[in-house]
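Trainee: I would like to go through the salt bridges of this model and the terms used for them. Can we begin once the structure is up?

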Amino acid sequence: MIQKSDLLTSSDKEIAPGWYTLSCEAVFSKLKSSPLGLTHAEASKRLAEFGLNELQAARRISPWRILLEQFKNILILILIAATV
């Protein structure tokens, strides 16, 4: 996956304007792309360098864990104590 910091030079990192403030041409230049997209060669190179554009599967949280997490809040404990 391409990180924003991977595409910026050291002088860009110091200034680092928001991407939304740049012109289309400047964004294409920094991302080494064009309005037509990446060339097949560039896409293959980035795929080999950065891998597939996938999210890692998150660890599943059990319902019991979610229930127990509710009792970490001090206000919840006070309310439970008040009901007893």
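Trainee: What separates glutamate 69 and arginine 65 in helix α5?

Mentor: They lie four residues apart in helix α5 (residues 63–69), which means a separation of about one helical turn. A helix here is a DSSP run of H or I with at least four residues, numbered from the N terminus. The model is predicted, so local features need pLDDT of at least 70 and side-chain atom pairs count only at pLDDT 80 or more, while totals for chains, interfaces and linings use all residues. Residues are numbered from 1 along each chain as its sequence is written, and side-chain values use heavy atoms, leaving out hydrogens and water.

Trainee: Why is the contact of glutamate 69 and arginine 65 called a salt bridge?

Mentor: The term requires a side-chain nitrogen of Lys or Arg within 4 Å of a carboxyl oxygen of Asp or Glu. The N to O distance is 3.5 Å, so the pair meets the definition. Glutamate 69 also forms a salt bridge with lysine 72, at 3.2 Å.

Trainee: What makes lysine 72 exposed?

Mentor: Its relative accessible area is 64%. Exposed means over 50%, buried under 20%, and partly exposed in between (1.4 Å probe, protein chains only). Glutamate 69, at 32%, is therefore partly exposed, and so is arginine 65, at 47%.

Trainee: How many salt bridges are there by this rule?

Mentor: Three. One of them joins arginine 46 to glutamate 42, with the closest N and O atoms 2.8 Å apart. Both of these residues are buried.

Technical notes. Helices (H or I, at least four residues) and strands (E, at least two) are DSSP runs, numbered from the N terminus.
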